[in-house]
Amino acid sequence: MNKLAIIMTALVSVSAAGLLPMAAPASGPAEGAHPAPSSCSAVPVSAPRGAHVESVTAQAYPAGTVTFPEATPPLQTLAPIPDVPARCEITVTLTHGRAGDHETVKVALPQDRAAWSGRFQATGGSAYLAGDLGATLVAAVKNGYAAAATDAGIGQSPADVSGWALTPDGRVNGPLLENFASRSVHDLAVVGKSVTKEFYGHKATYSYWNGCSTGGRQGYVAAQEYPTDFQGILAGAPAVSWDRFAVATLWPQVVFNEEDVAPAPCELEAFNTAAVEACDTADGVRDGVIDDPRDCRWDPRELVGTQVDCDGATHTITAQLADAVRKIWQGPVSSSGRPLWYGPNKGAAFSWLATPGKPFVVADQWVKYFVAKDPGLDTTNLTYRQFDRLFATSQRDFHAVIGSDDPDLSAFARSGGKLLSWHGQADQLVPTQGTVDYRERVNRAMGGNARVDSFYRLFLPPGVDHCGIGTDPLGSLVEWVEQGHAPATLPAVVTDGDGNTVTREVCRYPQVTRRVGTDVRCVSGSASTR
């Protein structure tokens, strides 16, 4: 699977999760509330402050199997979704004063009130897609939700910002970046809940956010900036600290360029294979998975001189390549050696961030269009010094706009909100330690781990890659919000070293999971970042 396809998996996984069994439905509309409309038609919409409603349209769809258009490679065509109830899709277009934008918010609702659980779900995006206006909404409707997504006024491309990032005179399009960074998250909540109330004649009993990757970052934005919009936020693999993450993930290209190495894929994976072999049993079980990569001290220089067969060609691991791998795992540093951000965990596939000559599309687009404002920049040819300057510029110019990592969640905690977050230890796109870094800063800002656990829980499933948890964490969040049952563990589908998939319970951070036979024990783990 290629980079763009794996990015879109973030959206596919959200829609797939919506098809799994959930907790019991929330209570329905209050007795005496007027019935749902008999027809699918436009409804009055409350606009968020600072926004104006340009248009409202409605489209009815019959019950049955929903199919999706054949995708253009490299994207994969989505599987049909069967047994979807009749639904109404209401599309609202907004604009924000002088911004001159046109943001689309689509709300999908079960046509029959009896098919509505009383819940509202806002769904997030992936890469540079603020939200999917198709499959995620259909899946949520099937699961009894009124659901909404937004395009933030920037269109529906996850990997190409050329149509909106810069103004004709070469400046960053501030209003559209603000839409993508944060404003559209609140727009989505206000418009989605307004349409739901008007359609059913009764407001949603519970409102949830559901997203992974960019969608995870958006969920953190909601908790930080709009603390009363959602009672429950599910945020997987959150791309927080965007101003750093979106430059840091170019680091492997910089290392390859400066160290003058261009390894074959099998050479790089030989390092992961050796690291897994060395650190697999630290959790007491040999299963081909590194349970906690922070505890894996294996040195890539141990592989120097090893011969690797790559499709019939023999490669010998050099000291130069081993040092490059060490630097990639270590993460980017400044030209003076100061740590800047985190690298991928040992055990995470290299191919997404560390294919020579093929930079990660999110980082490539961010640096070209927003940081350097030079679409022609070759991000595979950067020096350490140039990288250092770009990293500093991104932090200086964009942290306040899209950092999405304010550790003060006191307003969210006071509102009674619950944030359930997870990040796979084998994430090959968004370094897992960035999320750990954020959680530790929240702990320091808000009185320690025990207090924070009362409203924000983080899980780090071993062996799980980007947005690939394979289970339905939304059900656990619903149970926490509606029944007060905070999850001590979270199920995740883990692929072992033999390619077998098993569902395991994962303990909440900072605990780590230890298995004794079929029993799961949660024990104290390391809370270190840097």
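With 530 residues, a compact globule would have a radius of gyration near 24 Å, and the protein chain of this predicted model has 23 Å, which agrees. Along its principal axes, the C-alpha trace of the protein chain spans about 75 × 65 × 50 Å. Buried residues account for 58% of the 530 residues in the protein chain. Of the contacts in the protein chain between residues at least 6 apart in sequence, 73% join residues that are at least 24 apart. The secondary structure of the protein chain comprises 14 helices and 17 strands.

Because the model is predicted, its confidence deserves a word before the details. The mean pLDDT of the protein chain is 91, and 91% of its residues reach 70 or more. Over residues 15-38, however, pLDDT stays under 50, and for this stretch the model has 57 contacts beyond four places in sequence.

**Aromatic contacts**

How many aromatic pairs does a search of the whole structure find? The search finds 24 of them. One of these pairs is F180 with W242, whose ring centres are 5.7 Å apart and whose planes stand at 75 degrees, so that the pair is edge-to-face. Since F180 belongs to helix α3 (residues 174-200) and W242 to helix α5 (residues 242-248), the pair ties together parts that are 62 residues apart in sequence. F180 is buried, with a relative accessible area of 0%, and W242 is buried as well, with a relative accessible area of 1%.

The rings of F387 and F391 have their centres 6.0 Å apart, with planes at 40 degrees, so this pair is tilted. Both residues lie in helix α10 (residues 384-402), where they are four residues apart, about one turn of the helix. F387 and F391 are both buried.

F180 and W242 also belong to one aromatic cluster, which is formed by Y128, W164, F180, W242, F245, F360, W366, F370 and F398.

Charged side chains meet aromatic rings as well. The charged end of K193 sits over the ring of F230, 6.0 Å from the ring centre, while the charged end of R439 sits over the ring of Y456, 4.9 Å from its centre.

**Disulfides**

The structure holds five disulfides. When the bonded cysteines of the protein chain are numbered in sequence order, the pairing reads 1-2, 3-8, 4-7, 5-6, 9-10. The table lists some of these links with the distance between their sulfur atoms.

| Disulfide | Sulfur atoms apart |
|---|---|
| C266 and C310 | 1.4 Å |
| C279 and C296 | 2.0 Å |
| C507 and C522 | 2.0 Å |

In the disulfide of C266 and C310, the torsion about the S-S bond is about 100 degrees, so the disulfide is right-handed. C266 lies in helix α7 (residues 265-279) and C310 in strand β10 (residues 307-310), so the pair ties together parts that are 44 residues apart in sequence. Of these two cysteines, C266 is partly exposed, with a relative accessible area of 23%, whereas C310 is buried, with a relative accessible area of 10%.

For C279 and C296, the torsion about the S-S bond is about 70 degrees, so this disulfide is right-handed. The pair links distant parts of the chain, with C279 in helix α7 and C296 in the loop between α7 and β10, 17 residues apart. C279 is buried, with a relative accessible area of 10%, and C296 is buried too, with a relative accessible area of 4%.

What is the handedness of the link of C507 and C522? With -85 degrees about the S-S bond, that link is left-handed. Here, too, distant parts of the chain are linked, as C507 lies in strand β15 (residues 501-507) and C522 in strand β17 (residues 519-524), 15 residues apart. C507 counts as buried at 2% relative accessibility, but C522 is partly exposed, with a relative accessible area of 33%.

Terms used:
Residues numbered from 1 in each chain as written. Predicted model: local features only at pLDDT ≥ 70, side-chain atom pairs only at ≥ 80, totals over all residues. Heavy atoms only, no water. Phe/Tyr/Trp six-rings, centres within 6.5 Å; stacked < 30°, edge-to-face > 60°. Helix = DSSP H or I, 4+ residues; strand = E, 2+ residues; numbered from the N terminus. Buried < 20%, exposed > 50% of the residue type's maximum accessible area, 1.4 Å probe, protein only. Lys NZ or Arg CZ within 6 Å of the ring centre and 35° of its normal. Disulfide = S-S within 2.5 Å. pLDDT = per-residue confidence, 0-100. Contact = heavy atoms within 4.5 Å. Rg over C-alpha atoms; globule rule 2.2 N^0.38 Å.
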